[in-house]
Amino acid sequence: MSVSVRIPTILRTYTGGNAEVSGEGATLRDVLAKLDSDYPGIGARILDESGKIRRFVNVYVGEEDVRFADGLDTAAPEGTQISIIPAVAGG
């Protein structure tokens, strides 16, 4: 299934500067695996060594934060927009 993936500025070096790329997969896990296959190295910036979403990275499938859904097993229906958003901290 084809989805669009919004890429934050800090990760666009992996996508040749593209702010949005297409992805494929039935779940977020599948989409991220395909994304890393198409853009080597980007997966390690989103997932930690244990394969979980990094603490300071937020991922949305549509309008839903996957941390409050099924995590990496969240369904990625055809035409859905996935947003990868690095957390911003300040003081």
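The following legends describe an overall view and several close-up views of one predicted protein model.

**Figure 1. Overall view of the protein chain.** Residues are numbered from 1 along each chain as its sequence is written, and side-chain values use heavy atoms, with hydrogens and water left out. The model is predicted, and local features need pLDDT of at least 70, side-chain atom pairs count only at pLDDT 80 or more, and totals for chains, interfaces and linings use all residues. The protein chain holds 2 helices and 5 strands, and from the N terminus on these elements follow the order β-β-α-α-β-β-β. Helices (H or I, at least four residues) and strands (E, at least two) are DSSP runs, numbered from the N terminus. The C-alpha trace spans about 40 × 30 × 25 Å along its principal axes. The radius of gyration of the protein chain is 12 Å, which agrees with a compact globule, because such a globule of 91 residues would have a value near 12 Å. This radius is taken over C-alpha atoms, and the globule rule is 2.2 Å times the number of residues to the power 0.38.

Figure 2. The 5 strands form an open sheet in the order E2-E1-E5-E3-E4, with mixed pairing. Strand E2 (20–24) and strand E4 (64–65) are the edge strands, each pairing on one side only. Two strands pair if DSSP finds at least two bridges between them.

**Figure 3. Strand E5 and its two pairings.** Strand E1 (residues 2–6) pairs with strand E5 (residues 81–86) in the parallel sense over 3 bridges. Within this view, serine 83 in E5 is the bridge partner of arginine 6. E5 also pairs with E3, in the antiparallel sense over 5 bridges. Here isoleucine 85 in E5 stands opposite asparagine 58.

Figure 4. Buried means under 20% relative accessible area, exposed over 50%, and partly exposed in between (1.4 Å probe, protein chains only). Of the 91 residues of the protein chain, 35% count as buried.

**Figure 5. The hairpin of E3 and E4.** Strand E3 (residues 57–61) and E4 pair in the antiparallel sense over 2 bridges. Valine 61 stands opposite glutamate 64 in E4. The hairpin has 2 residues between the strands, and glycine 62 takes a positive phi near 65°.

**Figure 6. Tyrosine 39 and its surroundings.** Tyrosine 39 lies in the loop between helix H1 (28–38) and helix H2 (42–46). Leaving aside neighbours within four places in sequence, tyrosine 39 is in contact (heavy atoms within 4.5 Å) with Tyr14, Thr15 and Val21. Tyrosine 39 and valine 21 are 18 residues apart along the chain, and their C-alpha atoms are separated by 10 Å.
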